[in-house]
Amino acid sequence: MEVGFPTIKSRKLTIVNHIPISKTLKFWEGLKEGKIYTTKCKKCGTIFFPPAGDCSKCYSSDMEWIELSNEAEIETFTHILVRPATFQHYEPYTVAIGRLKEGVKVLAWLTGAKLSEIKVGMKVKLVAKVTPEGEPTYEFQPI
Amino acid sequence: MRKVAVIGVGNSKFGNRQDVNVTELAFEAVKPALEDAGLIPKDIEFVAVGSAGAGAWYEEALPAVIAAEYCGLTGAGLVRCEAACASGSAAVFTVYSAIASGQIDIGMALGLEKMREVDTLTVVELIGRAGYYLWEFHNFGMTFPAYYAMHATAHMAKYGTTEEDLALVAVKNHKYAALNPVAHFQKEITVDEALSSYPIAWPLKLYDCCPVTDGAAAVILASEEKVKELKIDTPVWIEGIGASSGTGNLSKRDSYVGLKSAVIAAQKAYKMAGVGPEDIEVATVHDCFTIAEILAYEDLGFCKKGEGPKLIREGQTEIGGKIPVNVDGGLKAKGHPIGATGCSMIYELTKQLREEAEKRQRQVPLKKYIALAHNVGGTGHYCYVTILRR
């Protein structure tokens, strides 16, 4: 990309991965219904977020789906101005990590709040949604 | 376990190196390392290459193979190590282990990265994907500045750390880079310039971030028997190496005011070396972002938790202070060619311990001759701490 030095261009290659979601399908389907599900190990009781089909604690694969509460408290956050190549069509966005009352934490966009209003310790709600492009996702919103 | 020493080091000029391809860049580190050790390529029994972006931000998918070919090292045992930004240290760890175990007597760790063949936003994308693509990038577009910005936000909220504290790290590291012939940046900056630079991921600004850099560094290690046989004047011994790791999902971390993997890796390295933080006389720490240097002070025990900002405010991490840190300019200003950084840290500390630092103003006064390298991969996804003694 630098000018000034002679270079040759590599051949252009577009890569799109097809990421399996069979084991977490209920999570992705739930987002479309406005619900946030995750998994809990039936053997040791550990709750996972992100949802997992296998328990990394006791190695059981006997998991059950639970619906998460939507109350969260912000542990930390940032506001991303320099965005990755595939995020150029978005305005700068805020990303936060919130702790849910179940004890698990979630990383997601925080929308609808000015940067100057966001504080560590702030209470927010976690909301499932579908993007304008039709992709299921979830975000924090001010209460 | 056998004793292992650093017997040769080489470091290419860091910077925008579009004048060379990845193999030619490797040669610039391998040649001086071999000359430094007084060896020829066929003396090297095993080569571990640290490189993170193979086939992504540069075109070659098997850099170990082609770098070895270009440098006449073909035939040696060969592997590429990936530990993100700690890939170079993973290569050092691999060669160290092979020698300590008795498998080989002489090996080379070669750190290598060619990052400026693609545009900056593509680099931001590729590094952002290297956290947990599915859960933190796909929908949320996390970037590496953003991961460290989250640590800065948390540290500021808990300990009152300020944006000016972060700027002081940048100013210090630029000051030393301006005295380091291999550094990417060769100019000093002021606190005001740092504070008024463009925001990248709030609260981090341009001057809080390391540049996108091309570079290579090579480290040759040998067993104690070989050190004697080759009559090496000033071997630098690897006294301790500790490695640890953290979760890919940042959401699964206990806290954001430190890197647990760094604390654990440091504990292991200190224990193995039989020394403590008070014994360290010079350190290179992983300041990919200014907040990362402050976290490192605390995680390595150079100060108590939350007192990192005080160390930088008091100038305790400059030459003449309690513990000089990143007097080569650090990742922040020397540059951070991802896979090369771990080997470049060993290059710098070896030069310091031999009292050969260039320029001379950068030489740290030594009594115990003990140094520490702290190399983090990702945001504490990996961590290697290496303790050296002359």
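**Figure 1. Pairing of strands between chain A and chain B.** In this predicted model, strand β4 (residues 71-80) of chain A and β5(B) run antiparallel and are joined by two bridges. One residue pair can be picked out in this view: A:H79 has B:W202, in β5(B), as its bridge partner.

**Figure 2. The side of chain B that touches chain A.** Contacts link 36 residues of chain B with 33 residues of chain A. At least two residues of this side of chain B come from each of the elements α4 (120-129), α5 (133-137), α6 (144-159) and β5 (199-202). Which element supplies the largest share of the side of chain B that touches chain A? That element is α6(B), with seven residues. Sorted by class, the side of chain B that touches chain A consists of 19 nonpolar, 10 polar and seven charged residues.

**Figure 3. Buried residues of helix α4(B).** In α4(B), the buried residues are B:V123, B:V124, B:E125, B:I127 and B:G128. The cover over these buried residues includes α5 and α6 of chain B. Helix α4 (120-129) of chain B also supplies at least two residues of the side that touches chain A.

**Figure 4. Strand β4(A) and its partner β7(A).** Within chain A, β4(A) is joined by three bridges to strand β7 (residues 123-130), and the two strands run antiparallel. In this pairing, A:K125 in β7(A) stands opposite A:E71.

Figure 5. How many bridges join β7(A) to strand β8 (residues 136-142) of chain A? There are seven bridges, and these strands run antiparallel. Opposite A:L126 stands A:F140, a residue of β8(A). Five residues lie between the two strands of this hairpin. In the turn, A:G134 has a positive phi of about 90 degrees.

**Figure 6. The two domains of chain A.** The domain assignment divides chain A into domain 1 (20-68) and domain 2 (69-143). Taken over C-alpha atoms, the centres of these domains of chain A are 21 Å apart. Contacts connect 11 residues of domain 1 with 13 residues of domain 2 of chain A. On the side of domain 1 that touches domain 2, helix α1 (residues 25-32) of chain A contributes the largest share, four residues. The residues on this side of domain 1 comprise six nonpolar, three polar and two charged.

Technical notes:
Residues are numbered from 1 along each chain as its sequence is written. Chains are lettered from A and ligands numbered from 1 in the order in which they are written. This is a predicted model: local features need pLDDT of at least 70, side-chain atom pairs count only at pLDDT 80 or more; totals for chains, interfaces and linings use all residues. Domain bounds come from an automatic or database domain assignment. Two residues are in contact if their C-beta atoms, placed from the backbone, lie within 7 Å. Ala, Val, Leu, Ile, Met, Phe, Trp, Tyr, Cys and Pro count as nonpolar, Asp, Glu, Lys and Arg as charged, and the others, Gly among them, as polar. Two strands pair if DSSP finds at least two bridges between them. A residue is buried if 20 or more other C-beta atoms lie within 10 Å of its own, exposed if 12 or fewer, and partly exposed in between; C-beta atoms are placed from the backbone.
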